[in-house]
Amino acid sequence: MKNPNGYGSIAKLSGNRRRPYWVRKAVTKWKDNGQPVYETIGYYATRKEAMQALADFNENPYDVSQNRLTFAQVYERWSEKKYEEISASAVRTYKSAYSYCNPLYDLKMVEIKTGQLQEVIDTADVGATTRSRIKILFNLIYDYCMKNEIVRKDLSQYLTKPKIETSEKVPFSTEEIEMLWNNIEHPFVNDVLILIYSGWRASEYAGLRTEDIDLENKTMKGGSKTEAGKDRIVPIHSRILPLVQKKYNPDNEYFRDNDYDKLYRDFKACMQTLGLNHIPHETRHTFITMLDNAGANKTAIQRLAGHASRDVTSKVYTHKDIEKLREAIELLP
């Protein structure tokens, strides 16, 4: 039976397609050859699904101009709901990744090419961790687009993960650590030394809250990457205590600035200035190596580093636990 005028129509597209049934609606425009111009309602795997979609549309019409949505507009629609469902730290992660997608902001989603997405990932002037987050953001946005039929193809599946350096981690040498102490006036050296003497992951350190820095009891609390690493307590080594005290500002929400990308750039600039060749994670590797070389208790090392272990069965820290951790950390030279 023929549909009434203005109801819309269904066309089966040629080729081997997962969703070949094109549900469309003619608009009040005509091509030069007299053929109507269509706006797409959606694409479906079976004719039955297509017929139902067309019926649903006519019962409750909605905006079919989604093919004109830009990357920025799609991001706004996606984030409006997504950010209500996730933690504040996850929101900051996605916002940071989005800030490097500027070349895509004004492009229509349906016109974006795989190469343009890959170029954003490859050329972002940040570390591999943040570039990986950009790819994750693309995965989520294209998943949203496919579910809402904004695009017909998930381009994120063709993107290559950022190349991560696989070279062996090299700890800071004794001479290099002494060089850091001799250049303490450099604006970022104090952060590097705090990282070396506390073992935080760079991302954990960037997110330390001021309220979790206990100067009276000389401890820091933080950690988020693994279950074993969450909310762990690290005593402040006596040598870096003055650095922590100088950096501490009770008026700030975060001990540093909760910006891993900035920390990475500052670290990179510091290494270049001093002629050193290290990545942020090597501060943590240095911490663990120095503790091991100093003969620290294995369980204490695992607890300080936030590593999972059968010997660490409780996340509750007693006064005795903290003192044992303090004894271990003070073994650092």
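Local features need a pLDDT of at least 70, side-chain atom pairs count only at pLDDT 80 or more, and totals for chains, interfaces and linings use all residues. Residues are numbered from 1 along each chain as its sequence is written, and side-chain values use heavy atoms, with hydrogens and water left out.

Start with the whole chain. The protein chain has 13 helices and six strands. Helices (H or I, at least four residues) and strands (E, at least two) are DSSP runs, numbered from the N terminus. Of the 333 residues in the protein chain, 43% are buried. Buried means under 20% relative accessible area, exposed means over 50%, and partly exposed lies in between (1.4 Å probe, protein chains only). Contact means heavy atoms within 4.5 Å. Among contacts between residues at least 6 apart in sequence, 62% join residues at least 24 apart.

Confidence comes next. The predictor's confidence in each residue is its pLDDT, from 0 to 100. The protein chain averages 85, and 88% of the residues score at least 70. Helix H7 (residues 189-196) has the highest confidence, at 96. Strand E2 (residues 21-30) has the lowest, at a mean of 76. Where pLDDT is low, the predicted coordinates should not be read in detail.

Now the helix pairs. Two packed helices are described by the angle between their axes and the distance between the axes. Axes are lines fitted to C-alpha atoms, for helices over the stretch in contact, and angles run from 0 to 180 degrees between N-to-C directions. Angles under 35 degrees count as roughly parallel, over 145 as roughly antiparallel, 65 to 115 as roughly perpendicular and the rest as oblique.

Take helix H5 (residues 128-147) with helix H3 (residues 88-98). Their axes lie 9 Å apart, at an angle of about 95°. H3 is therefore roughly perpendicular to H5. From H3, the contact draws on Thr93, Tyr94, Ser96, Ala97 and Tyr98. From H5 come Thr130, Arg133, Ile134, Ile136, Leu137 and Leu140. By class, this contact has seven nonpolar, three polar and one charged residues. Ala, Val, Leu, Ile, Met, Phe, Trp, Tyr, Cys and Pro count as nonpolar, Asp, Glu, Lys and Arg as charged, and the others, Gly among them, as polar.

H5 also packs with helix H2 (residues 71-85). The axes of H2 and H5 come within 10 Å and cross at roughly 85°. H2 and H5 are therefore roughly perpendicular to each other. H2 contributes Phe71, Val74, Tyr75, Arg77 and Trp78. H5 meets them with Leu137, Phe138, Leu140, Ile141, Tyr144 and Cys145. The classes here are 10 nonpolar, no polar and one charged.

At 0% relative accessibility, Ile141 counts as buried. Leaving aside neighbours within four places in sequence, Ile141 is in contact with Phe71, Val74, Tyr75, Trp78 and Met109. Ser79 is 62 residues from Ile141 in sequence, and their C-alpha atoms are 9.0 Å apart.

Helix H11 (residues 281-293) and helix H12 (residues 298-305) form another packed pair, at about 165° and with axes 10 Å apart. H11 and H12 are therefore roughly antiparallel to each other. Arg284, Phe287, Ile288, Leu291 and Asp292 in H11 face Lys298, Ile301, Leu304 and Ala305 in H12 across the contact. That contact counts six nonpolar, no polar and three charged residues.

Turn to the strands. Ala26 lies in strand E2. Ala26 is partly exposed, with a relative accessible area of 44%. Not counting residues up to four places away in sequence, Ala26 touches Pro36, Val37 and Tyr38. Ala26 and Tyr38 are 12 residues apart in sequence and 4.3 Å apart, C-alpha to C-alpha. Glu39 sits in strand E3 (residues 36-44). Glu39 is partly exposed, at 21% relative accessibility. Gly8 is 31 residues from Glu39 in sequence and 9.6 Å away, C-alpha to C-alpha.

Finally, the backbone. Most residues other than glycine have a negative phi, and most peptide bonds are trans. Glu149 has a positive phi of about 55°. Glu149 is in the loop between H5 and helix H6 (174-182), and is partly exposed at 24%. Asn258 also has a positive phi, of about 55°. Asn258 is in the loop between helix H9 (241-247) and helix H10 (260-274).
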